[in-house]
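The sequence and the structure come before the description.

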Amino acid sequence: MFKIIREDIQSVLDRDPAARNSLEVLLCYPGLYAIWAHRLSHRLWRSGFKLIARWISQLMRGVTGIEIHPGATIGRNFFIDHGMGVVIGETAEVGDHVTLYHGVTLGGTSLHKTKRHPTIEDHVVIGAGAKVLGAITIGANSRVGANAVVVRSTPSDSVVVGVPGQVVIRDHPIHLPDEKADLEHGSLPDTIGETLAALIAHVESLEKRVNGGGKNIPALHAPDKGIWNWNDFEI
């Protein structure tokens, strides 16, 4: 038990640069309390004491703002940063070394008493406000961008952004045995913007061909370093 507690505290120190020491983590991180309470409630749930298990989970919801159903399966070194508003459903399965930010929902999409919540594989980072819905699988070493809504399974080493979530597979990922969690969850592809820029370039090329190669003033211009000018959209 003490080994697991030390691992949980170390996982916070490894993944949150704001954490200064073990005592601060022990006193100031509600995600730890939610995870420890869940381990107790999950054991009670599996032993048939389901009402007591639900009561403990609801009690910790009031204390931490994090709701983890006692039926959910949680792996080792699970870290919930900030935590407020996190909801993890009954049949959710979370692997090892997973990181969740505040406002994340691992939700169900069925009325049937079957597997209806997502499976999150090892080393996944899910950004603030993201919703992962249904009996889908998020592949290992993936990142889900803030406020993304994921409704389909994703392969390993992928990035998911947007509503609904668009899946981008990373090229040539390299994983080291002792690598840290990939917390660059602000470094995400702009799938819609890049597609729109490509369409603009294609339209400009077609206009030049129609005009016999002469100069033309396109109705739209590609963004400059990711910034669109309002005048670009005036006709």
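## Largest pocket

Helix α3 provides the largest share of the lining of the largest pocket, 7 residues. The model is a predicted one. The space in this pocket amounts to about 500 Å³. Its lining comprises 15 residues, and those closest to the centre of the pocket are Ile4, Trp36, Arg39, Leu40 and Arg43. At least two lining residues come from each of α1, α3 and β2 (73-74).

## Cavities

The model has 2 cavities of 30 Å³ or more. Rolling a probe the size of a water molecule over the atoms shows where such empty space is left. The largest cavity has a volume of about 50 Å³, and its lining consists of Ala34, Ala37, His38, Ser41, Ser57, Met60, Arg61, Ile66 and Ile68.

Two helices, α3 and α4 (50-64), each supply at least two residues of this lining. Helix α3 gives the most, with 4 residues. Helix α3 therefore heads the lining of the largest cavity as it does that of the largest pocket, where a cavity is a space that the probe cannot leave and a pocket is open.

## Helix α3

Helix α3 has 17 residues. From its first C-alpha to its last it reaches 24 Å, close to the 24 Å expected at 1.5 Å a residue. Its buried residues are Gly31, Leu32, Ala34, Ile35, Ala37, His38, Ser41, His42, Leu44 and Trp45. Among these, Ala34, Ala37, His38 and Ser41 also line the largest cavity.

What do the buried residues of α3 pack against? They pack against α1, α2, α4, β1 (67-68), β2 and β3. After α3 comes Gly48, with a positive phi near 100°.

## Helix α1

Helix α1 covers residues 2-15, 14 residues in number. Its reach from first to last C-alpha is 20 Å, close to the 20 Å expected at 1.5 Å a residue. The buried residues of α1 are Glu7, Asp8, Ile9, Ser11, Val12 and Arg15. An α-helix has 3.6 residues a turn, so residues three or four places apart point the same way.

The cover over the buried residues of α1 includes α2 (22-28), α3 (30-46), β3 (79-80) and β6 (99-100).

## Parallel sheets

Strands of a sheet pair through backbone hydrogen bonds, either parallel or antiparallel. Thr105 has Lys131 in β10 as its bridge partner.

Another open sheet has 4 strands, also paired in parallel, in the order β2-β5-β8-β11. Strands β2 and β11 (137-138) are the edges, and each pairs on one side only. Between β2 and β5 (residues 93-94) there are 2 bridges in the parallel sense, and Ile74 is partnered by Val94 in β5.

Strand β14 (residues 158-161) is covered on both faces. Ser158 and Val160 lie on one side, Val159 and Val161 on the other, and all are buried. In a regular strand the side chains alternate between the two faces of the sheet.

Strand β14 runs parallel to β12 (residues 143-144), with 2 bridges joining them, and antiparallel to β15 (residues 166-169), with 4 bridges. Val159 takes part in both pairings: Arg143 has Val159 as its bridge partner, and Val159 stands opposite Val168 in β15. A hairpin is formed by β14 and β15, with 4 residues between the strands. In the turn, Gly162 has a positive phi of about 95°.

## The chain as a whole

The protein chain holds 5 helices and 15 strands. Of its 235 residues, 40% are buried. Among contacts with a separation of 6 or more, 34% are between residues 24 or more positions apart. The accessible surface is about 13,900 Å², and carbon and sulfur atoms account for 60% of that surface.

How values were computed. Residues are numbered from 1 along each chain as its sequence is written. This is a predicted model: local features need pLDDT of at least 70, side-chain atom pairs count only at pLDDT 80 or more; totals for chains, interfaces and linings use all residues. Side-chain values use heavy atoms; hydrogens and water are left out. The expected span of a helix is 1.5 Å times one less than its number of residues. Buried means under 20% relative accessible area, exposed over 50%, partly exposed in between (1.4 Å probe, protein chains only). Contact means heavy atoms within 4.5 Å. Accessible areas come from the Shrake-Rupley method with a 1.4 Å probe; for residues, only the protein chains shown count as cover. Two strands pair if DSSP finds at least two bridges between them. On a 1 Å grid over the protein atoms alone, a cavity is a set of points where a 1.4 Å probe fits but cannot get out, and a pocket is an open set with protein on both sides within 12 Å along at least five of seven lines; lining residues have an atom within 4 Å of a point. Grid points are joined across faces, edges and corners, and a volume is the space filled by probe spheres set on the points.
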